[in-house]
Each structure stands twice: as C-alpha cells, then as structure tokens.
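Please look at the charged side chains in the structure below.

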Amino acid sequence: MIYTSESFEQLVEHFTKLPGIGRKTAQRLALFILKMNHEEVNQFATSLINVKEKIRYCSSCCNITEQNPCPVCSSTKRINSLICVVEEPNDLLAIERTNDYNGLYHVLGGALSPLDNITPEQLKIKELLRRFENQDIEEIILALNPTIEGETTSLYLARLLKPLGIKISRIARGIPIGASLEFTDDATLSRALEGRVAL
Amino acid sequence: MVLSEIQLSNFRNHTDSKLTFSPKINLISGDNGQGKTSLIEAISYCCLTKSIFTNHDYEPLQFNKTWFSIFSTLTSDIGFTYKNQIRYNYEKKEKNFLINNLNISNMSSAVGRFPVVFLYPELSSITMGGPAERRKFLDILLSQSSKSYLEDLLDYKRIIKQRNAILSNPETKFNKELIEPWNELLIKRGSKIIHHRINFVNDFKPHLTKNYSEISGFKEEIDMEYKTQFELSKNTSISEIETSLNKELIKEKFKEAQRGVSLVGPHRDDLVFKLNGHPVIQFASQGQHKTILITLKFAEYSFLQEACHETPIVLLDDIFSELDNLRTERLLVKLLTLGQTFITTTISTESKTFEKFGSAIEKFIIKEGSSFLATSVYKE
C-alpha cells in the first residue's frame with residue numbers, strides 16, 4: 001500500500017494473526033501503539049518476548065508457569081491427593097477465583113475432537129497418567145466444558161482412569177446462581193433435572 | 001397465530017411490497033415467476049427464522065443488493081401482538097431476528113413460538129422418496145414442538161460428524177479407546193431421540209387416522225410406524241433402546257470401520273406409512289400419495305396446535321395443480337375450518353371454483369413482485 005509505511009503494515013499484519021482481530025481492528029491497534037510513548041512500547045515489546053522466553057509448562061500439571069513445578073503444585077497447603085482436570089489455563093483461573101478448591105490441577109490443553117485432528121496424543125493425558133506413579137492420588141474431578149467434545153473427553157478419561165480404582169467425579173451442570181427456573185433455557189434445565197441431587 | 005401484515009424489502013423479486021392479510025384463507029394468484037412462492041418463503045422466515053426452501057440466507061437476496069428485510073405483524077391466539085423482523089446483510093454475513101425490537105441471539109429459541117405447517121410440491125418425497133425425507137419431516141415437526149428434542153438432535157449430529165471423522169481415518173478407525181466414548185454419547189443422545197420419535201408417532205397416529213377418513217372419504221385404514229434397526233417391545237423405554245443400540249454398535253463394528261461412516265443410530269431409521277397394512281411407498285397410487293401427504297399436513301396442524309398451544313399458520317404452495325375442481329373445492333371447504341391459510345396458485349382469482357366462497361377467501365394478484373388485492377384490481 002502506498003499510503004502507509006512498511007513497518008506500519010508489518011505491525012498490522014502481526015495483529016491480524018491474533019484471534020478475533022480483523023484488519024480494521026488491527027489498524028486501530030497499530031495506530032494506538034504509534035501514539036504510545038517510547039517507554040511504554042518498550043515494556044510492551046519486552047513483555048511479549050518474556051512471555052515466550054520465561055513461561056514454561058509445569059512438568060506436573062501442564063499449566064503455564066515461570067517456575068517449575070508451578071506455585072500450585074509446589075504449595076504445601078494444598079491437598080495433594082485431589083486433582084481437578086480442566087481444558088485450558090483459563091478454566092484453572094476460573095476455578096481458582098472461587099477460592100473454594102484446595103486441590104491440584106491438570107491442564108489438558110483442549111478436548112478431543114477428531115474433526116480438528118485432536119487425538120489423545122495431542123492432549124496432556126500421558127502426563128496425567130504419569131502423575132499416578134509419583135503421587136498418591138485419591139480423587140479426580142473432571143471439570144471440562146459442557147460441550148459434546150468436553151463430554152466425550154470426560155468419558156474417555158473416566159474409562160482410562162477407572163482401572164486405577166480411584167474416585168472419579170464430574171462437576172455438576174445446571175441452573176446458574178441468581179437465575180430463576182423460568183428463564184433457564186430448556187437444555188440446561190433438562191440436564192439439571194438429569195443430574196438432580198438427593199436430599 | 002394470525003399474520004396480519006408483512007413488508008418485504010429486496011427479498012427475491014419483491015423490492016418493496018406491503019400486504020395486509022385476512023385471518024382466514026388468503027389466495028395468492030399470479031403467473032409463473034411473479035413472486036408467489038417468495039411470499040410463502042418470507043412468511044416462513046418470520047415464523048421459523050429461516051427459509052423453508054433453502055438453508056442459504058443469501059439465496060433470497062435480490063440481485064445486486066446487499067441486504068434484505070422482512071417486517072411482519074403477528075397476533076397470537078390470546079391476542080398478543082408480535083412485531084417480528086428479519087434482517088440479513090450479505091456483506092457483514094449478518095442475520096438478525098427481532099421480536100418486538102428485541103434481538104433474539106439464539107434463533108432456535110424462537111422456533112416453536114410461531115408454529116407453521118407448510119406444503120409445497122417437492123414435499124411429495126415424504127411419502128414417495130427415501131428415508132432421509134421422512135426423518136426430516138419428523139425432525140422439523142418435533143423440533144417445533146419440543147426444545148429438548150432440538151438440542152438432542154443438534155448434539156447428535158455433531159456426535160455423528162466427530163465419530164465419522166474417526167471411522168474414516170485409517171489410523172484411528174480400529175482404535176477402540178478412541179471410539180468408545182463417542183459410542184457412549186451416541187447411545188445416550190440417540191436413544192433419547194428414538195424414544196422421542198416413537199412416542200411422537202403414537203401421539204400423532206390418532207390425528208392421522210381421523211383426518212384421512214375425512215379428506216379421502218375412503219374406508220382404507222392408514223397407519224404409520226417408526227422403524228428402527230432392531231426390534232423393540234411395544235411400550236419401550238429409553239434403557240431398552242440404549243441396550244439395543246449398544247448391541248447393534250458391537251454387531252456393526254467392523255462394517256462401520258470398513259465403510260468409514262456411522263451405520264447405527266436414529267440417523268438410519270425410517271418412518272413407514274401403511275394403507276390397509278401395506279407399505280405406501282410400494283403400493284399406493286399417485287392420487288393416494290397426494291391424499292396421504294395432504295392428510296399428513298392436516299394431522300400436523302392439529303398436532304402442533306395441541307403441542308404448541310397456538311394455532312399454526314398454514315402455507316400451501318401450489319397444491320391445486322394436480323387436483324380436479326371437485327377436490328379443490330372440497331379441500332377449500334376443509335381449509336376454512338383451520339386458522340389462517342396462505343395458498344399460492346396459477347388459477348385465476350376469477351375462476352368459478354373460488355366464486356362460491358365469496359368473501360371467505362381474500363384474493364391477491366401478484367405481478368412482477370408487486371401485489372394487489374384482487375378486488376382493487378377489478379375496480380381499476
């Protein structure tokens with residue numbers, strides 16, 4: 001393009017590679033960077049490089065971390081015999097926010113989806129099994145997304161772990177807190193009925 | 001449900017059409033290619049959020065235009081007024097459905113609120129064509145009357161797609177650990193779908209028998225049966241279906257791997273219509289096929305009315321074409337007992353057949369995408 005400079009175009013090109021960013025947004029972001037002061041841009045650039053250089057996957061739970069094992073895995077205050085399996089690091093952060101869970105985690109890095117060529121080898125399942133060798137695990141909580149793929153992955157893991165003779169559970173699905181039954185969508189409601197709890 | 005008004009912009013050959021309808025029979029007459037069927041299509045958009053003729057929203061878009069919109073005013077049985085609006089933008093690939101100016105983000109949530117029964121010539125494949133057409137008939141009807149069925153069906157389709165991806169891949173097709181979780185889900189959702197369909201057939205049968213004797217005047221006995229790949233007991237339960245599906249999956253394991261597709265489940269089932277105990281698809285005459293199809297639609301009407309607690313709108317595209325005058329008249333008499341009906345035809349509005357009905361039938365003439373009340377044309 002004749003109206004812009006090459007370096008500007010290059011930056012725009014990089015932004016468009018990010019998920020959810022189209023060309024127009026990329027241009028806006030690039031212009032914003034141009035308006036930032038020098039030091040801020042420097043910090044921004046360093047943090048991009050730092051993310052790539054310093055962050056590793058925890059050798060135990062496969063979560064992203066700067067120290068190995070990660071703070072969760074190396075904590076002495078956590079219950080070592082309890083593992084919660086999640087799809088992505090975001091899911092871990094969501095559960096951490098509740099402050100109600102005091103066990104360890106395992107991040108799979110996705111869910112099984114043959115259509116997208118995601119097989120058990122692509123997920124951190126081997127790593128999960130390896131943890132049983134060094135750790136005394138009593139219970140596994142499967143906290144995967146309530147999608148068809150998440151559900152299948154839960155079933156896959158349940159079959160895989162059953163011979164180990166540990167307690168396996170799946171998080172409940174149902175009506176959100178503060179919502180009324182009337183406005184809950186039918187699919188959620190029927191799953192909630194399915195997973196009813198005895199009193 | 002009554003559609004009192006519709007306004008189309010850039011929709012097929014309607015650049016800007018506005019029509020006001022009668023709550024009873026609306027006869028839409030015109031030559032070929034003038035935009036009669038487009039009107040039926042537009043009505044289906046307002047009620048079902050999509051076209052009944054195509055799955056591609058860009059198809060009805062007028063040539064060289066970037067958007068179309070349809071405004072409609074509908075009144076429910078208890079007298080509540082809905083202003084439904086469809087907007088489609090080709091450049092943004094964006095489709096919006098608004099009810100009373102409120103954007104409905106989950107379109108499937110609107111399905112069933114505005115029940116419709118429709119009939120167009122290609123639907124003759126329901127009685128004459130392959131099993132896929134009959135499953136589609138079941139699915140559309142059940143999705144309108146039950147939300148959980150629709151959710152299960154969408155899940156099921158996804159499961160089959162994922163499962164086929166495993167089966168068609170030479171490296172994974174024999175991998176037991178990989179396919180078993182998908183089997184478990186297939187059984188879970190599939191058995192719910194089968195159970196739902198069997199119950200539906202039982203509920204639907206009385207509607208079918210009652211209407212058939214009224215419409216045909218024949219003494220033949222009509223029957224319908226849901227056919228699965230395995231035998232089931234009469235009052236079957238979900239758990240029985242689950243066991244049978246599981247057995248069938250084990251039985252067909254190698255065949256599935258060989259062919260690379262899912263061969264077991266409700267996506268392979270069929271609906272069989274019978275006259276006097278004989279399967280319609282092999283023995284019925286053209287006339288019987290047509291009568292069964294029309295009966296099916298009347299039965300659908302009374303079934304939906306019961307299930308949705310709302311009178312469906314009836315859309316009939318070109319149904320008089322194979323009927324003689326006497327049968328056309330008889331059909332019209334029967335249609336007058338229903339709620340609001342839209343009929344397209346190439347027969348002139350001045351035809352004697354319609355004369356007898358007087359003002360009971362509101363007549364419209366469509367010409368090159370513009371429409372007039374037939375009565376106003378006479379005045380000119």
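This is a predicted model: local features need pLDDT of at least 70, side-chain atom pairs count only at pLDDT 80 or more; totals for chains, interfaces and linings use all residues.

Over all chains, a search of the whole structure finds 22 salt bridges.

| Pair | N to O distance |
|---|---|
| Arg158(B) and Glu149(A) | 2.6 Å |
| Lys251(B) and Glu248(B) | 3.6 Å |
| Lys356(B) and Glu329(B) | 2.7 Å |

The pair Arg158(B) and Glu149(A) joins two chains, because Arg158(B) belongs to helix H4 (residues 147-167) of chain B and Glu149(A) to helix H7 (residues 148-161) of chain A. Arg158(B) is partly exposed at a relative accessible area of 34%, whereas Glu149(A) is buried at 12%.

Lys251(B) and Glu248(B) both sit in helix H6 (residues 238-251) of chain B; they are three residues apart, so about one helical turn separates them. Lys251(B) is exposed, with 60% relative accessibility, while Glu248(B) is buried, with 10%.

The bridge between Lys356(B) and Glu329(B) links distant parts of the chain, 27 residues apart. Lys356(B) lies in the loop between helix H11 (352-355) and strand E14 (361-367) of chain B, and Glu329(B) lies in helix H10 (residues 325-335) of chain B. The relative accessible area of Lys356(B) is 61%, which makes this residue exposed; Glu329(B) is partly exposed at 22%.

Salt bridges also link residues into a network, made up of Glu151(A), Arg173(A), Asp155(B), Lys188(B) and Arg189(B).

Key:
Residues are numbered from 1 along each chain as its sequence is written. Chains are lettered from A and ligands numbered from 1 in the order in which they are written. Side-chain values use heavy atoms; hydrogens and water are left out. A salt bridge is a side-chain nitrogen of Lys or Arg within 4 Å of a carboxyl oxygen of Asp or Glu. Helices (H or I, at least four residues) and strands (E, at least two) are DSSP runs, numbered from the N terminus. Buried means under 20% relative accessible area, exposed over 50%, partly exposed in between (1.4 Å probe, protein chains only).
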